[in-house]
Amino acid sequence: MTKQPRVLVVDDDEDILVAARLMLKREGILCHTEPRPDRIPQLLQEGAFDAVLLDMNFAIGANTGREGFQWLKRIVELDPALSVVLITAYGDVGTAVEAMKQGAADFVLKPWQNERLLATLSSALKLTASRREAEQANATTKELASATLDGTPNAIIGGAPAMARIFALLDRAAPTEANVLILGENGTGKEVIAREIHRRSRRRDRVFVSVDLGSVSESLFESELFGHKKGAFTDAKEDRVGRLVAANGGTLFLDEIGNLPLYLQSKLLSVLEQRVVIPVGGTKPVAIDVRLVSATNMPPEQLSREDVFRQDLLYRINTVELHLPPLRDRAEDIPALIDYFVAIYARKYNMPPKKVSPAALPRLLAYRWPGNVRALRHAVERAMILSAGPVLEADDFSLPSTAGQTPPAAAPALAVAGRGQGADAALVLDTLDLEAVEREAIRKALAKHQGNISHAAQDLGITRASLYRRMEKHGL
């Protein structure tokens, strides 16, 4: 059911109030009339109006419009979204221009023509509705931004010299509009840093949109980032807003940007240079305004190769470059990180906080943490769940004895005859240790794809998340 609009008419002429009330009633508009302008604040506080018709002169003999401008200013202060139409018997072009400058939606002369006033009022009502929608959208965006940033249990913790350099760069770069490229191994906290950049920026009240390019198939890249129109391809059953447009006004985080093939890199570069996107199947360009933060685990020397990454795109995305250190190079931060994660999981699982035993700490410090902070976090979560008492022992963390341990000696070969293929057909298993086989397969896949998690997972036929778990399990 459509809500009836409510209009407040303020004029000291009773005939004007009666005429306005009768006219608006015929149009299905709820009308409240008021001869005293000093009651405006109370009326706006007591009820929601969609427009105000406001006389400009109330004192006897006044014709300057000064009172109208004063009450217009007051209404704008009380409710910036509310449209005000000024009405007066004394008006000229200069008065109308000044009224618009001070926030009036329009200006109408007495005696008015009903058709003209109704058309003006209709536009004012639409303007109020549009402003209210914009206020709601901004409020929603702020809530999303707050939930995204403050609701996630992530924090930048570190007193190591390597982290001091990161903090110094954050202090200088975050408040600017500079594009930032974050380099670092898997699990070093690249997205945490990206969110911190957004939180410290002038866009902090707008949305933060994260895209894992490693999980976006090449065929869906344009649809995911640029959006598409209904019918653009077989499964395009409705219009879709791309991530770039969704991030408009805020920050776009492109994770694993090093995974993009060269031909897709050129499309991304074109969008970043022109600051517009054209949805798949569309023809109309859509302007965008985003602050770009990118991340990759690809080594800098590999990024600098023309056959791997377009250098013009690299120049575009790395106005500022941050190199996150691996956890093994900031081992002094491990105790503080453990305390932080213990507090998180104590709240999550409704259990009392626990302490690391003095005997376990040296082993945790000596471990090289191939999965970095992410691996430490998972290890703490597992320890909190598995430990029986108030103290976390070394065994609770399920760490291998050494980070780079070699597979155990192979068991004797086992020949299995292939069914239906003759006696000569056999599958030779070099070892009975399936754990060692899995570890070696993962190691070879990572080496083959130069540490690219997405490509290695695809080659192994498993998901990225599954590969991360197995890497952590085998200390890779």
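Guide: A salt bridge is counted where a side-chain nitrogen of Lys or Arg lies within 4 Å of a carboxyl oxygen of Asp or Glu. The model is a predicted one, in which local features need pLDDT of at least 70 and side-chain atom pairs count only at pLDDT 80 or more, while totals for chains, interfaces and linings use all residues. Residues are numbered from 1 along each chain as its sequence is written, and side-chain values use heavy atoms, with hydrogens and water left out.

Visitor: What makes arginine 199 and glutamate 196 a salt bridge?

Guide: The closest N and O atoms of arginine 199 and glutamate 196 are 2.7 Å apart, and the limit is 4 Å, so the pair qualifies. Both residues lie in helix α7 (residues 190–199), 3 residues apart, which is about one turn of the helix. Helices (H or I, at least four residues) and strands (E, at least two) are DSSP runs, numbered from the N terminus. The structure holds 25 salt bridges.

Visitor: Why is α13 called oblique to α15?

Guide: Helix α13 (residues 334–348) and helix α15 (residues 372–386) pack at about 50°, their axes being 9 Å apart. Axes are lines fitted to C-alpha atoms, for helices over the stretch in contact, and angles run from 0 to 180 degrees between N-to-C directions. Angles under 35 degrees count as roughly parallel, over 145 as roughly antiparallel, 65 to 115 as roughly perpendicular and the rest as oblique; the angle of α13 to α15 therefore makes the pair oblique.

Visitor: Why are β2 and β5 said to stand at the edges?

Guide: Two strands pair if DSSP finds at least two bridges between them. The open sheet has 5 strands in the order β2-β1-β3-β4-β5, with parallel pairing. β2 (30–34) and β5 (106–109) each have a single partner strand, so one side of each is left without a neighbour in the sheet. Within this sheet, neighbouring strands are turned by 20° against each other on average, direction ignored.

Visitor: How do you know that β3 and β4 pair?

Guide: Strand β3 (residues 51–55) and strand β4 (residues 83–88) share 5 bridges in the parallel sense, and at least two are required, so they pair. Leucine 53 has valine 85 of β4 as its bridge partner. Helix α3 (residues 66–78) lies across β3 and β4, running at about 160° to β3.

Visitor: What order do the strands take in the open sheet that includes β6 and β14?

Guide: The order is β7-β10-β13-β6-β14, again with parallel pairing, and the edge strands β7 (208–212) and β14 (320–323) each pair on one side only. The twist averages 15° from one strand to the next. Strand β6 (residues 180–183) is joined to β14 by 4 bridges, and isoleucine 182 stands opposite leucine 322 in β14.

Visitor: What is noted about the peptide bond from lysine 110 to proline 111?

Guide: This bond is cis, with omega near -10°, and proline 111 lies in the loop between β5 and α5 (114–150). Most peptide bonds are trans.

Terms used: Contact means heavy atoms within 4.5 Å.
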